[in-house]
Every structure is written in C-alpha cells, then in structure tokens.
Amino acid sequence: MKKDFSPTLLDFGPLQIFLARHFGFCYGVENAIDIAFRTVEENPGKRIFLLSEMIHNPQVNADLQSHGVLFMQDTYGKQLISFDELKTDDVVIIPAFGTTLEIEALLNQKGIQTEKYNTTCPFVEKVWNRSEVIAKKNYTIVIHGKPKHEETRATFSHAASNAPSVVVKDMNEAKELAKYITGEKTADEFYTEFKDQHSDGFDVIKDLQRIGVVNQTTMLASDTQAIADYLKQTMARRFGLNENNIEERFADTRDTLCYATNDNQTAVNGMLQTEADLAIVVGGYNSSNTSHLVELCEKKLPTYFIRDEEKIISEKQIQHYNFHNKEELITENYLPGKNPLKILITSGASCPDALVEGVIKKLTVYFNSEAKFDELIRQFE
Ligand code: SF4
C-alpha cells in the first residue's frame, strides 16, 4: 500500500502547525528503552551499566541514570568507567547502536552475559549481515557513516572481522577514496588520510579492486545514494565496465538505511511541499538522524533545532543548535508577524512524543490558543 507522507494540519486559528506524517520514536529505540527499564526492574540490588548512551536523547538518558543506570562510555567512545571495574554479577546493557566485537569479547571474558540485555536494533544487525554477505563474495566494505558514531564503530568492527573495510563520512571523503582507486593518489597518503577509518593491514592496491557500500542506518538518503553512485561510476571508469558487468567490481546492494530514517526523511520532504514560515525540529543535539531532518528543512526555510520546549525562551527568542559548527545560539524575532503563521514540526527517532507535544503547547500560548490545544489533545485521547 502506498504510504501517505503529507503532513497533518493542527489548526489553532492564527497558528497553523503542520506536523510531519512520520516522526519520533522508532521501533529500535522503543524496544531498547523497554528492555533497559525491564532490566532495572528485574535486577534489584545489582549494578547496571550501559555501554554508552542508550539513544541520543538527553531526557531518556537522564531518566535511566536517575534509576541508577551507569554509563561506561560517552557517545564518542571516551571511557567514563573503566572495564576493570566490572564484576561477573554486574549487568551490562548493549545499546540500540550495538557494540564492537572487541567489547563483546571483553565482557564475555569477564563472564558477563550480554544476550539477555542486548538491545541492538535489528536494523543495525541487518547492516552487519549485509556486510557479511558482501565480504563472502570477496568485496572490500566501504561504510558510509560518521566514524566516531557508536553504530558506525560497531558496524566497522563487524565488517572488518570479515573483510578489509574503510569508513567514509561524506561525499568529499568518497571522492578522495576514489582517487586511490584510480591511482591519482599514492598508497602512502591513504594511511594518513583515512587514519583510524580503515581495517588493520588494509592494502590500498589490492583491497580497492572490488568494493561494496553499506551505510550507517541514519544517514541522509540522498547522500548515501550519491556516494554509492559515485564509487560505482569510479569503478566502471577505472576498470572499463558497464551496467552488465559492473558487479565484477562493485557489489549490487541497496542502501542499508532503516525504515524509520526513510520514513522520517520522506515525511519531511512531504511536509516541505507546504508553504510555511519556519520549521522546528525537536531532538537530541548528538542525534545523527535528527540532524539530517534539520539539513533537509534548512535548505528550504528558517529552521530551529531544539532539544525541548525549554529552548523556546519567549515569543521573541529561541535558543537553538547549529549542528554544523556545534554551538547553540539565540535568534530574536523567530516568529514572523503573519496571520496565520505556518510552522512545520518534526522530531528525530530518539525523541519522545511528549517533547513535541510540549513544544506545540508552548507555541499555542503565544497565540492565545491553549484552549484549542487542550480540545485537540482530548480528541486524540
Ligand atoms: S533509527 Fe533505525 S536503526 Fe536506529 S534504532 Fe531506530 S529503527 Fe533501529
């Protein structure tokens, strides 16, 4: 059945909110949160550790910490609590992003069971399975993802256990990698340029003869497609191949974005068909999938990336995050004096719906529409 990606209009009279058709929590995040809280309930008196942030949402992580859950690493893999601290009867939860084979082996060595508390999303495991299939056909694995992101580190570890692997973070890096395929750059440069992004013993000459691309599940669909196409064309040019025989050198795979990334991005594209005055994207500032929703919106209209309603300081000021240079800033007069004022709203896969509701409610106050908001909420209850 064809899905409907047009936004939902919440009409508050002088304020019109167009809510993306798909937004917020995905299956993997709901499942992970569910398992994490069940783990806390089922293990009274035990120390419970999470390998890193559960998901990229500060409210959810703070909630878990308030239930006594301890985080072992920060989001970039920096150790907060040493693995030496762990004892056999501790409980360790693996987050939705999954973890590396090295960490899994370390936990097993310590006699800590991980199966019961493993919340790795099945869509992340799907990427690992896809890379295994590619590896078995003797292709080198190119991973399009953020090199420091937990999911990409986990995917890289799984991929590298099966085949030579290299991570490219964006089109610029893909273009640089292509220069090693064509011979425009020398092998020596590769090890500096792709430091910490290639598997041990990567042989630039031998390992770029046959490649396949997989990606972090939350990348921007258009970027992933463009990178795969670019590398495919590079292989075709370099080895004189065409559509009929390209598979000799380039694995024929579709992207490995997850359904939530696809649906949320398509819904934002659907939402952007509506003429509006501004967009608000709600989510954690280190959330990859949320930043891509911001990227889509900001190409078309003024866009404010906020963590929750607290960031809406008043009807005159909003504090929002610029993910390009990683800083928060305050914008004045962000609500233009139009009637009706049209605002597009969406949120990332790690953002609880209650935060979106809070944002909408706060905005309605500035338009004297709280009564309408309450009436609308009752309709949905
Ligand atoms: S964003 Fe996708 S891959 Fe990540 S947890 Fe959600 S469903 Fe799983």
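The model is predicted: local features need pLDDT of at least 70, side-chain atom pairs count only at pLDDT 80 or more, and totals for chains, interfaces and linings use all residues. Residues are numbered from 1 along each chain as its sequence is written, and side-chain values use heavy atoms, with hydrogens and water left out.

**Ligand site**

The ligand sits in the largest cavity. A cavity is a set of points, on a 1 Å grid over the protein atoms alone, where a 1.4 Å probe fits but cannot get out; a molecule sits in it if more than half of its atoms lie within 2 Å of its grid points. Around the ligand are C26, G28, V29, C121, F123, V124, T217, T218, C258 and Y259, a residue being near a molecule if one of its heavy atoms lies within 4 Å of it. Two or more residues of this shell come from each of α1 (27–42) and α4 (122–136). Helices (H or I, at least four residues) and strands (E, at least two) are DSSP runs, numbered from the N terminus. By class, the shell comprises seven nonpolar, three polar and no charged residues. Ala, Val, Leu, Ile, Met, Phe, Trp, Tyr, Cys and Pro count as nonpolar, Asp, Glu, Lys and Arg as charged, and the others, Gly among them, as polar.

**Sheets and strand pairs**

Five strands form an open sheet of mixed pairing, in the order β1-β2-β13-β9-β10; two strands pair if DSSP finds at least two bridges between them. Because β1 (8–11) and β10 (303–306) stand at the edges, each with a single partner strand, one side of each is left without a neighbour in the sheet. Neighbouring strands of this sheet are turned by 25° against each other on average, direction ignored. Helix α9 (residues 259–271) lies across β2 and β13 and runs at about 175° to β13. Contact means heavy atoms within 4.5 Å; axes are lines fitted to C-alpha atoms, for helices over the stretch in contact, and angles run from 0 to 180 degrees between N-to-C directions.

A three-strand open sheet has the order β4-β3-β5 and parallel pairing. Its edges are β4 (70–71) and β5 (91–93), each with a single partner strand, so one side of each is left without a neighbour in the sheet.

| Strands | Bridges and direction | Partner residues |
|---|---|---|
| β3 (residues 48–50) and β4 | Two, parallel | L50 and F71 |

**Backbone positions**

β11 and β12 form a hairpin with four residues between them, and K326 in the turn has a positive phi of about 55°. D196 also has a positive phi, of about 65°, although it is not a glycine; D196 lies in the loop between α7 (187–193) and β8 (211–215). The peptide bond from N339 to P340 is cis, with omega near -5°, and P340 is placed in the loop between β12 and β13.

How values were computed:
On a 1 Å grid over the protein atoms alone, a cavity is a set of points where a 1.4 Å probe fits but cannot get out, and a pocket is an open set with protein on both sides within 12 Å along at least five of seven lines; lining residues have an atom within 4 Å of a point.
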